[in-house]
Amino acid sequence: MSLSSSLARPAGPGTRRSPAAALQAWLPKLVLAPSVAISLFFVYGFMLWTFVLSLTNSRMLPSYEFVGFAQYARLMANDRWWVASTNLVVFGGLFVAICLALGLLLAILLDQRIRQEGALRTVYLYPMALSFIVTGVVWKWLLNPGLGIQAMVRGWGFESFTFDWLVDPDMAVYTLVIAAVWQASGFVMALFLAGLRGIDDSIIKAAQLDGASLPRIYRRVVLPCLRPVVFSAVMILAHIAIKSFDLVVALTGGGPGYASDLPATFMYAHAFTRAQVGLGSASAMLMLGGVLAILIPYLYSELRSRRHG
Amino acid sequence: MNAFKKTPFVLAASLAGALSLSSAHAAEVEVLHWWTSGGEARAANVLKELMEAEGYGWQDFAVAGGGGETAMTVLKSRAMSGNPPSAAQIKGPEIQEWGELGLLGELDGVAEAEGWDTLLPPTVADIMRHDGQYVAVPVNVHRVNWLWANPEVLEAAGVAMPTTLDELFAAGEAIREAGYVPLAHGGQAWQDATVFETVLLATAGTDFYRQALVELDPEALGSATMIEALETFKRLRTLMDDDMPGRDWNIATSMVINGDAAMQLMGDWAKGEFTAAGLTAGVDYLCAAAPGTQDAFTFNIDSLAMFRVEGEEREAQQALARLVLEPTFQEAFNKAKGSIPARPDLDMSEFDTCAQRSQEAFRQTAEQGGLVPSMAHGMAVRADVQGALFDVVTNYFNSPDLEAEEAARRMVNAAQAVL
Amino acid sequence: MDNVIRRRTFGARLGRFTLYAVLVLAALFYLLPLAVMLITSVKPLGEISAGSLLALPQSPTLAPWLKAWGEACTGMRCEGVGGYFWNSIAIVVPAVLISTVIGALNGYALTKWRFKGSELLFALTLFGCFIPFQVVLLPMAQTLGWLGLSSSRAGLILVHVVFGIAFTTLFFRNFYVAVPSELVSAAKLDGAGFFRIFWRILLPVSAPIIVVSVIWQFTQIWNDFLFGVAFSAHDTQPVTVALNNLVNTSTGVREYNVDMAATMIAALPTLLVYVLAGKYFVRGLTAGSVKG
């Protein structure tokens, strides 16, 4: 690299700063400034605005007649809100866990010098390219006992086969997990595969020479190396889980009854369909609060341990 | 763009551009609606052609999804940005809400010139007015309390079209024994509510219906009559199949068409499915008032509300309001939708037998007081109350262990909590 | 000795067989919905309501595809979803480019020009990933109104950039953290400026992460429905809105075969991107974005 020779005016450390050098020092901050401003306004500003609205009795459109925390009190008394919140914990937890497990498994298997690896990888990855606006319809068919998998398996002669989660109020939320895992697990697989390829082979070879068994090598040597991947994957999966909206609308519509409602659909229904912007805003604030309560400790511990490790 | 405007040349050019733009787009309306299925869209196209024949432009802004829910979201977003369309498909009490926000423009000039006061039935006209002024124009009248049936299945089970709820339950048993699903249903909140309001109408009558679902009288909502209606409503579950939750209404209709199910309780838009399957009303499929509701008519009226706009756009908007009630459009549109025209003076001989009966029922019930707004279709109460009632109804219908008393109590709370 | 080897090969063979079996089973799981879509899209309407989901079409037809592309009604315009492609492209291309460039510069500034509080800024920006889009609809609508951008393409591009840079910044930041800082320090000592270092040192090695960022943003924005429907006017609707209009009818007849064909058509660009660039995608992730 011939950088030094092409530079007109070298300015080493310790020299007094010229205006140009001062500008250079400020440049990184200047470059970041628009993004910071955007995120201050469009993310934090909007959150503040939503919080203000949650203290009003806004109906169809925002109004500024304040009612204190009455909307939060109403929310707490709302049975559907509790169903939705519980569902998010169940759905989010299972979704993240299964995606991580399945993604890791497929990545490890795919990393065994597989023929047709490219084709398989594409097959695992493609659901991420589709939106739920219509794959939702297909899933609805597949999970419907009368139309889909149950009917098919029974058609093959297994008359007692039952798979009716979609129409069972207690199980409907798990069908959301199935469809969401289908969409996102391939992506997690790609992340893990990338992580596996990034691990230095010599470490594994050394462990093999020591006589460690393959499962043991994976558990003791490979997995710890993948920790940052798990971090990235959890961030992306958590983001998908919290934002899951199209999925619910297309697959269960929140039903049966409102047994498979999620906070995102609850918020949308109240703020937009039911002309209760105030209540919707209150639910949005609680949702954000929940996200923060889970994310901040995780972020903190991850970033901290990384700095020390 | 702003930076360029500083130079005189670009300024002139953009001015010229703006001028030619405005002349090319002279007097046009932007219409937000959710008539997106093939038949509906073709019918709505008649309106567009009428507008164009008079020299006005039509900018089509269609947004489907969730029975207009998505379109309403878009409308709110447009209103927030201070840029609402000229006209939007808004109906029932929601027209009043938009009117209260001061966003709607009046149509009194057109209404007077066209004699809407005499042309439109009073019930319909009342919904179109805010603060005494016309702000919306009706497109059609749907009847919600219909029972649809497959005659072959009824015959195979040896039953006739039921006219009371008792007959419905009795027929249901026979149909079940003959190996069919008695009642096709889709377990979505609005469909549950559609069936519920029909049952309430059948068991408690129109006066009670009005008290409970229109006036939201807490005594009526918590009364023994309501509890009984809720219990009957849940009993209907025994006539349905287990796979219904989440099913779209038209899939339920196709169960009737295919002969898997005998009957369906659904509004008259279901006709579109039968027609698309090549069936003829009265021959290949039967229609009748929902059991026990012969003397009632639950209406669901689609309308176009007009937003406050100025200048040429307003002129075009007024023309649009006039043309919506034009016979050519009313006939074409309502044949496609399965509904009846919003103006009762049209010749119905071209319509099918179900529509003719609907028209007759509308006239009769309007005279005898059996005409009631549909709660399930947003004609009776505002969206927040409607939503709260939906939650109670659908949760009760889908929870085996929730008692009718508890549901009635929740209904009272729901109506009060949002007031 | 001979015995041992034979046993091992047998065990290995069984292992390989199980391995492939599991992989193929998983592939079937992922392919099932696509297969149903494809099969349905070439069936006449009558066969769909009559037959089983995976039953092969008796008389396959391409008519649904032609209809979906050029004839199907999405509202009053019976032009299929084809025409809406251009609206989507006109929104997606600028939005992806701008958000990627901003993300790259941010990631670079955050890693190679650390200053007091830069980690905090990163964490703050990161939170933008988690804000549910439904929450920002109304305030965004009002903001676009103030900016005079409501119902315009520029407005939609702005929205996608605003909520995309959190992700692109995350990608680039994690990638650049792993790029050795020695070169950058040396260049700084030589007095090379901010942009010069980026241009000469970081950018040449950034190809893999650019691919990742572009694919991610392209998929997100192309598939976006909520912003597309809320902030577009009649003439700027993206293809997802047209698709939604086609498949979601409230009181009308649904043509599932046309729906499925339209979905496949609307998803074609993103599918193509994944199929063609999938390899680079994984490579890009390998190259650093996941090393944190």
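**Notes on the model**

1. B:Trp148 stands opposite B:Gln264 in strand E10 of chain B. Strand E8 (residues 146–149) of chain B and strand E10 (residues 261–265) of chain B are joined by three bridges and run antiparallel. Helices (H or I, at least four residues) and strands (E, at least two) are DSSP runs, numbered from the N terminus, and two strands pair if DSSP finds at least two bridges between them.

2. This is a predicted model, in which local features need pLDDT of at least 70 and side-chain atom pairs count only at pLDDT 80 or more, while totals for chains, interfaces and linings use all residues. Residues are numbered from 1 along each chain as its sequence is written, and chains are lettered from A and ligands numbered from 1 in the order in which they are written.

3. The pair in point 1 belongs to an open sheet of four strands with mixed pairing, in the order E9-E10-E8-E11 (chain B). At its edges are strand E9 (181–184) and strand E11 (286–289) of chain B, each of which pairs on one side only. From one strand to the next the twist averages 25°. Here and below, axes are lines fitted to C-alpha atoms, for helices over the stretch in contact, and angles run from 0 to 180 degrees between N-to-C directions.

4. Chain B also holds an open sheet of five strands, again of mixed pairing, ordered E2-E1-E3-E13-E6. Strand E2 (57–62) and strand E6 (136–138) of chain B each have a single partner strand, so one side of each has no neighbour in the sheet. Neighbouring strands are turned by 20° against each other on average, direction ignored. Strand E1 (residues 28–33) of chain B runs parallel to E2(B), with six bridges between them; within this pair, B:Leu32 stands opposite B:Phe61.

5. Which helix packs on this sheet by touching E1 and strand E3 (87–89) of chain B? Helix H3 (residues 69–80) of chain B does so, and its direction makes about 135° with that of E1(B). Helix H15 (residues 311–324) of chain B lies across E1, E3, E6 and strand E13 (303–306) of chain B, at about 55° to E1(B). Residues are in contact if their C-beta atoms, placed from the backbone, lie within 7 Å.

6. Chain B is divided into domain 1 (27–141 + 301–351) and domain 2 (143–299 + 358–417), with bounds from an automatic or database domain assignment. The C-alpha centres of these two domains of chain B lie 28 Å apart. In their contact, 17 residues of domain 1 of chain B meet 18 residues of domain 2 of chain B. The domain 1 side has seven nonpolar, six polar and four charged residues. In this classification Ala, Val, Leu, Ile, Met, Phe, Trp, Tyr, Cys and Pro count as nonpolar, Asp, Glu, Lys and Arg as charged, and the others, Gly among them, as polar.

7. For chain C, the assignment gives domain 1 (2–61) and domain 2 (84–289), with C-alpha centres 34 Å apart. Six residues of domain 1 of chain C and seven residues of domain 2 of chain C form the contact. Helix H1 (2–41) and helix H2 (45–50) of chain C each give two or more residues to the domain 1 side, and H1(C) gives the most, with three residues.

8. Between chains B and C, 38 residues of chain B are in contact with 30 residues of chain C. The elements of chain B that each supply at least two residues to this side include helix H2 (38–53) and helix H13 (249–258). By class, the chain B side has eleven nonpolar, 19 polar and eight charged residues.

9. The contact between chains A and C takes 81 residues from chain A and 71 residues from chain C. On the chain A side, the largest share, 15 residues, comes from helix H2 (residues 19–54) of chain A. That side divides into 56 nonpolar, 18 polar and seven charged residues.

10. H2(A) packs against helix H6 (residues 133–147) of chain C at an angle of about 90°, with axes 10 Å apart. The two helices are therefore roughly perpendicular to each other (angles under 35 degrees count as roughly parallel, over 145 as roughly antiparallel, 65 to 115 as roughly perpendicular and the rest as oblique). A:Phe46, A:Trp49 and A:Thr50 of H2(A) meet C:Val135, C:Val136 and C:Pro139 of H6(C).

Conventions: Contact = placed C-beta atoms within 7 Å.
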